[in-house]
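Subject: Handover of a structure and notes on what was found

Dear colleague,

Please find the sequence and the structure below, for your use. My notes follow after them, and I would ask you to read them with the structure open.

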Amino acid sequence: MMNLTLKIWRQKNASDKGKMMDYALSDVSPDMSFLEMLDVLNQELIEKGEEPVAFDHDCREGICGTCSLYINGRAHGPETKITACQLHMRSFNDGDTIYIEPWRAKAFPVVKDLIVDRSAFDRIQQAGGFISVNTSGNTQDANAIPIEKEHADKAFDAATCIGCGACVASCKNSSAMLFVGAKVSQFALLPQGQVEATDRVLNMVKQMDEEGFGNCTNTGACEVECPKGISLENIARMNQEYLKASLKG
Amino acid sequence: MALDSKIPKGPLAEKWTNYKNEINLVNPANKRLIDVIIVGTGLAGGSAAATLAELGYNVKAFCFQDSPRRAHSIAAQGGINAAKNYQGDGDSTYRLFYDTVKGGDYRSREANVYRLAEVSTNIIDQCVAQGVPFAREYGGLLDNRSFGGVLVSRTFYAKGQTGQQLLLGAYSAMNRQIGRGKIKMYTRHEMLDVVIVDGKARGIIARNLVTGEIERHSAHAVVLGTGGYGNAFYLSTYAMGSNVTAAWKAHKRGAFFANPCYTQIHPTCIPVSGDHQSKLTLMSESLRNDGRIWVPKHIKDVEAIRNGTLKPTQLSEEDRDYYLERRYPAFGNLVPRDVASRAAKERCDAGYGVNKTGEAVYLDFSAAIERYGKEQAHVKGLDEDDSALVQKLGKEVIANKYGNLFQMYEKIVDQNPYETPMMIYPAVHYTMGGLWVDYNLMTTVPGLYAIGEANFSDHGANRLGASALMQGLADGYFVLPYTIGDYLAHDIRTGTIPTDSKEFDEAEKNVRNNIAKLINNKGTKSVDYFHKRLGKIMWNKCGMARNAKDLKSAITEIAQLREEFYKDVFVPGEENEYNEELAKAGRVADFLELGELFAKDALEREESAGGHFRDEYQTETGEALRRPEYQYVSAWEYKGQPSEAVHHKEALDYENIEVKERSYK
C-alpha cells in the first residue's frame, strides 16, 4: 500500500482561472489503475461533502480515447504506449508526489478541472476525413480490389489513432500533425481513398490551421507519447500528399 | 394490447425483398421536410444517422460522450460475421441464420435473423468501400477467422480492434454528413425523456452535460441506439458511462421491455483483483481460436499454484483438465459463450479456480506457439527441432494475431502471457434483452425505434461472437433506413413539430423534478455506494446461475435498496454545471428499477435458455434445459413500479428450422 501527495489542477469552468490543489491519499494499492486511484480520491471528497475532481474517462481499456491526463509532465503518465486508464499504480512509489493536469493547448480549452474540449479534432475530420460513398448495398464486392497486405497493414496502423490528443498535449507547438497525418495516411494507402485525395488533405490541413494548432518542427515528441504508437512516417506521408495536392490545385 | 411483430408473409428467403418492394417511400424533396432524432452514436446509431442523412432526412444525433467516435462499440475486439463464404467452407445465408438461431437457444425471431444474415454481406462491402482496413492475406484478399458456436470461418476482423475500425468507418460517414449540414451533432448531451404527442414519439428532452441546460428537441421520429444495460451489474466490460436511461425512459413512456433477464456473461475476461475495481476487461473470444482453456486435474496442484509453490507451466499435460475439450469434443474451446462461461463457473465452484479468489481458469497459448513456430520453421526451411527458434517464430505469429490483446493483459495483470498462461473468468458483457421491437424495429410506441443492442430482436437468449457488430450495422445501414421510411411517408405534410406544446412542458417538468430530487436530497452516501450494492445483488442472485429463492430475495433487496437510495443518496455540486455525479445518479436510479424487472423476468422464465440458466432446469449432464411452454418473448409493460409491470407474450414460431436440443458435443 502507498501514500501519495496529489497536486491536481482545479478549474470550475472555462472562464475560471484555475489553480493547483494538494490532496493527500493513503492506502493506494499498486494493482489499482490510475483512474481507480482518482475514483478513491473522489469518493473521499464526496464523503467530506466536497466536489470531486472532474476528469474524462469512459471505456477504461485504452481504446475510446476519452481519458486525457497530463501526469508528472507527460501525456498519459510515465509509461509508453498506454493511455491513463491503462496506467497502474505499480508505476509509482510510496511517498511520491504526483502532478495531474489537463491537456494544455489553445485549441483544447478547459471545460472543468481536468476535462478539455477536443471538438476541434471532430471538425478536422468533418472537413475531409472520409470517403464519399453512400450506403446502398450496391457497392462492389469487398474482394473486388485486392490490396497489398503491406499497404493494408500500414493503413490499419494509421487508423488505430484513438483521437485522445496526447500528440497535441506533448508538442511544444501544440501541433496536430500526427493526428491529421494518421487519417490522411490511412486513406492515402488505400485504393478507395485515391479519388478524393487532393481535396481531403487540403481541406483537413486548412481546418487544422483554423483551429489554432501550431506548426510541426519535427521534434517527434508526439510519436513518443502516442498511446497507439502512430509513427512519424504518417506526417511525412501527409506532407507528401499536401505537396502533391498543392501542385495539382 | 396484443403484440404484433408485423412479420411479412411469404417464404423466409423472400420476406425482406418483398417487404422492400411493397413499402411506402418518401420522395427526395419530401425527405427534406422530415426530422429524425437519433440517440447514441455507436455502430447502430452512427450508421443510422449517416444513412438517413445521406437519404436526405434532417438528422439530429445525440451522444453523452465528447465525440461520437467514443461510443463503446469502439471497444469491440474480435470481429464481424458475414456469410460471404470467401473461404469456400460451406457458409451461406441459411447457415449464418441457422447458427444464430441455434446459438440464441431458439429464442429469437426467425424472420429478423434471416434478414440479418441476408444483409451481412452488404456490410462488409460497404465498410471496405469506406476505407475500413480489415485484415488481409498476402494475396491482398480479406482474411477470416472462426468464432464460437460455428463450424466455418466467417469472421472479418482488424486485429483485436474490429469495433474501433468499424465505428471509425461509421463516424467518418457521419462526419461527411455533419460537414454537409445534414446531421446536427449534439455531443455531451444526455437524453432524459421521450416526448409523446398524440400517441407518437415526437421528440426528446436532453440535458447539456457541460452547462446543465435542459433542452427540448422535436422530430417526426425518435431512434434509440443507446446500447445495453449490463452496467446494472456495476462490474462489467461496458464503458463507465454505458447506461439504460434512454431505454428506460422510453419504457416508462410505453415501450415494452423484452427479455431483460437475457444477459451475456462472457467467458474470457480478466478476473477481479480487488474492491477498488471499476470495470472488467475483456480478452477477445478470438483468442479461443488458439488458446486452450484448462484447470489442474488435482486439487493439490490447485493449492500449490495458489500458494505460489507451483507454476502453471510446470504442470504436465496429463495433470491438466482441458475441460471444454473434454466435455464438448466437436466444438472444443470454441463452444458458445454461455456454455464456456458456465463450464468455467462449474470448475471454479468445484474448487479448481487457479487464483487467490478461486475465480479464474487458464487460457494457454503454449501449444499454439509451438504449432505456429514449427509451421514457420518449415515454411522458411529452418530447423524445426530448434526449440528456441520455434518459440521465437511461434510468438511472432501470435503477436501478429493478438498483439494488442496480449499487451493489454500484461498492462493490467503484470504477467507476460507469452510465457505463462492468461488467467480469465466470466464477466457481464452484453445484454440480449432490450426494448421490444417489431420487424420494422419500431417499439410499442409509434415512431419510436430501437436499434442495435438497445433492442431485443436478433440474438435470442445468447449472442454468438462477432454478431453484435453485424447487428448494429445491419440495423443502422440496411434495415432502419427502409423501415422508417414506410412510417415517415405519412408525415410529409405534418411540418415541423413545435416544442411549445403541453406534452413538451410536461416532459421537461418531469425531468427537472427528477434532477431537483437528486440534487436536493443531501443524503450521506455516494452514488457509487448504491451502484456497487446493486451490482453485488445482481451478480450473486441474477448472474450465471439463478434460482427461484435467490431471485425472489433479489426482487425484495433491490426494491429496498431503491428506497434507501432516494432517502440517503448525496449528489454534490449544482444542476447548472458540469456534474458527473448528477449524471451518474440519474443512471443508477434507472438501473435500480431495471434491476428489479430483470429479476422478475428471470423468475417468470421457468426454464434455462442461453444466458439465462436456472438451477432448477438443467439436464443430467448440467446443460441448459429449455421448456417448450416457454417458447415466447416476454415483453413487460410499465405500470408504475417494476413489481406492477404487466407481462405480455409474443409466441415464437419456427417454420424453417427444427427446434432441438442445442448440442455442441
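I begin with a sheet in chain B, in which 3 strands are arranged in the order E6-E7-E8; this sheet is open and its pairing is antiparallel. Strands E6 (189-197) and E8 (214-218) of chain B are the edge strands, each pairing on one side only. From one strand to the next, the twist averages 25 degrees. Please keep in mind throughout that this is a predicted model.

Within this sheet, E6(B) is joined to strand E7 (residues 200-208) of chain B by 8 bridges, and the two run antiparallel. As an example of a bridge that you can look up, B:Glu190 has B:Arg207 in E7(B) as its partner. Helix H14 (residues 502-520) of chain B lies across E6, E7 and E8 of chain B, and its direction makes an angle of about 140 degrees with E6(B).

Strand E10 (residues 257-258) and strand E18 (residues 632-637) of chain B pair in the antiparallel sense over 2 bridges. In this region B:Phe257 stands opposite B:Trp636 in E18(B).

Another strand to locate is E12 (residues 292-296) of chain B, which is mostly covered, with 4 of its 5 residues buried. It is joined by 3 bridges to strand E14 (residues 361-364) of chain B, in an antiparallel arrangement; there, B:Trp294 has B:Tyr362 as its bridge partner. E12(B) also pairs with strand E13 (residues 320-321) of chain B, in the antiparallel sense and over 2 bridges, and B:Val295 stands opposite B:Asp321 in E13(B).

B:Leu224 is in contact with several residues beyond its neighbours within four places in sequence, among them B:Val39, B:Ala246, B:Leu435 and B:Tyr449.

Why does B:Leu116 count as buried? It has 28 C-beta neighbours inside 10 Å, and a residue is buried if that number is 20 or more. Setting aside residues up to four places away in sequence, B:Leu116 touches B:Thr100, B:Asp458, B:Met470, B:Gln471 and B:Ala474. B:Leu116 and B:Thr93 are 23 residues apart in sequence, and their C-alpha atoms are 9.0 Å apart in space.

The domains come next. Chain A is divided into domain 1 (2-101) and domain 2 (119-132 + 147-248). Their C-alpha centres lie 29 Å apart, and 12 residues of domain 1 are in contact with 10 residues of domain 2. The side of domain 1 of chain A that touches domain 2 has 5 nonpolar, 5 polar and 2 charged residues.

In chain B, the assignment gives domain 1 (267-428) and domain 2 (505-627), with 33 Å between their C-alpha centres. Each of these domains of chain B brings 6 residues to the contact. Helix H10 (residues 337-349) of chain B gives the most to the domain 1 side, with 5 residues. By class, that side has 1 nonpolar, 1 polar and 4 charged residues.

Finally, there is the contact between the chains, which takes 66 residues from chain B and 64 residues from chain A. Several helices of chain B each supply at least two residues to the side that touches chain A, including H3 (43-55), H12 (387-413) and H13 (468-488). H6(B) gives the most to this side, with 9 residues. The residues on this side of chain B divide into 24 nonpolar, 26 polar and 16 charged.

Yours sincerely

Methods
Residues are numbered from 1 along each chain as its sequence is written. Chains are lettered from A and ligands numbered from 1 in the order in which they are written. This is a predicted model: local features need pLDDT of at least 70, side-chain atom pairs count only at pLDDT 80 or more; totals for chains, interfaces and linings use all residues. Domain bounds come from an automatic or database domain assignment. Two residues are in contact if their C-beta atoms, placed from the backbone, lie within 7 Å. Ala, Val, Leu, Ile, Met, Phe, Trp, Tyr, Cys and Pro count as nonpolar, Asp, Glu, Lys and Arg as charged, and the others, Gly among them, as polar. Two strands pair if DSSP finds at least two bridges between them. A residue is buried if 20 or more other C-beta atoms lie within 10 Å of its own, exposed if 12 or fewer, and partly exposed in between; C-beta atoms are placed from the backbone. Axes are lines fitted to C-alpha atoms, for helices over the stretch in contact, and angles run from 0 to 180 degrees between N-to-C directions.
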